[in-house]
Amino acid sequence: MTSKLPAAVQQLIAATNSGDVEGFLGSFSDDGVVDDWGREFHGRQAIKEWSDREYIGKQITLDVTHSAVAGDSATVTTIVGGNGYNGPSTFIFDISGAQVSRMTIRE
């Protein structure tokens, strides 16, 4: 279901599912942002600290159930698994060049 997504989003999802912190962080631009239900983490270091606590550190997996791309934005509906939140979630990715500039997480 991810084959039509931008390469950076595909990389981010693959890195998430394999627990690859460096691959996950490498999908973001240097000034990338994660917006996790209104809590924002700016830059790779802040994203890494958030991820260690709440994302890859919780062995998150993303099972993509639907995706749509419009311009420089991709919306991905998933079933989240792992040792934290489990259930449906929507991720909105803003793309800048070949990297994710913003990942917004909502239900």
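Predicted model: local features only at pLDDT ≥ 70, side-chain atom pairs only at ≥ 80, totals over all residues.
Is Ile-105 counted as buried or exposed, at 6% relative accessibility? Buried, where buried means under 20% relative accessible area, exposed means over 50% and partly exposed is what lies in between, with a 1.4 Å probe and protein chains only.

Residues are numbered from 1 along each chain as its sequence is written, and side-chain values use heavy atoms, with hydrogens and water left out.

Back to the residue. Ile-105 lies in strand 6; helices here are DSSP runs of H or I with at least four residues, strands are runs of E with at least two, and both are numbered from the N terminus. Contact means heavy atoms within 4.5 Å. Leaving aside neighbours within four places in sequence, the contacts of Ile-105 include Val-34, Asp-36, Trp-37, Trp-50 and Thr-90.

Take Val-34 from that list. Val-34 is found in strand 1 and is buried, with a relative accessible area of 0%. Not counting residues up to four places away in sequence, Val-34 touches Phe-28, Arg-39, Glu-40, Phe-41, Ile-47, Trp-50, Met-103 and Ile-105.

Now the core. A nonpolar core is a set of buried Ala, Val, Leu, Ile, Met, Phe, Trp, Tyr and Cys residues joined through side-chain atoms within 4.5 Å. The largest one here has 27 residues, and those with the most contacts inside it are Val-9, Phe-24, Trp-50, Tyr-55, Phe-93, Val-100 and Met-103. Among the elements that give two or more residues to this core are helix 1 (7-18), helix 3 (43-54), strand 5 (87-96) and strand 6 (99-106). Helix 1 supplies the largest share, five residues. As general background, nonpolar side chains in soluble globular proteins tend to be buried together.

Phe-93 shows how some of these parts meet. With neighbours within four places in sequence left aside, Phe-93 is in contact with residues including Val-9, Leu-12, Val-76, Val-100 and Met-103.

Helix 1 has 12 residues, which should span 16 Å at 1.5 Å a residue, and its end C-alpha atoms are 16 Å apart, which agrees; the expected span is 1.5 Å times one less than the number of residues. The buried residues of helix 1 are Ala-8, Val-9, Leu-12, Ile-13, Ala-15 and Thr-16. They cover an arc of only 165° around the axis, so they sit on the same side of helix 1; the arc is that of the directions from the helix axis to the C-beta atoms. The face turned away from that buried side carries the exposed residues Ala-7 and Ser-18. The buried residues pack against helix 2, strand 1, strand 3, strand 4, strand 5 and strand 6. Just after helix 1, Gly-19 takes a positive phi of about 70°.

Helix 3 also has 12 residues, and from first C-alpha to last it reaches 16 Å, close to the 16 Å expected. Its buried residues are Gly-43, Ile-47, Trp-50 and Ser-51. These cover an arc of only 100° around the axis, which puts them on the same side of helix 3. They pack against helix 2, strand 1, strand 2 (39-42) and strand 6.

Now the pocket. On a 1 Å grid over the protein atoms alone, a pocket is an open set of points, where a 1.4 Å probe fits, with protein on both sides within 12 Å along at least five of seven lines, and lining residues have an atom within 4 Å of a point. Points are joined across faces, edges and corners, and the volume is the space filled by probe spheres set on them. The largest pocket has a volume of about 250 Å³. Of its 15 lining residues, the closest to the centre are Asp-36, Trp-37, Glu-54, Tyr-85 and Ile-105. Strand 5 gives the most to the lining, with three residues.

Trp-37, in the loop between strand 1 and strand 2, has a positive phi of about 55° although it is not a glycine. Trp-37 is exposed, with a relative accessible area of 52%. Gln-59, in the loop between helix 3 and strand 3, has a phi near 55°, again positive in a residue other than glycine. Gln-59 is partly exposed, with a relative accessible area of 44%.
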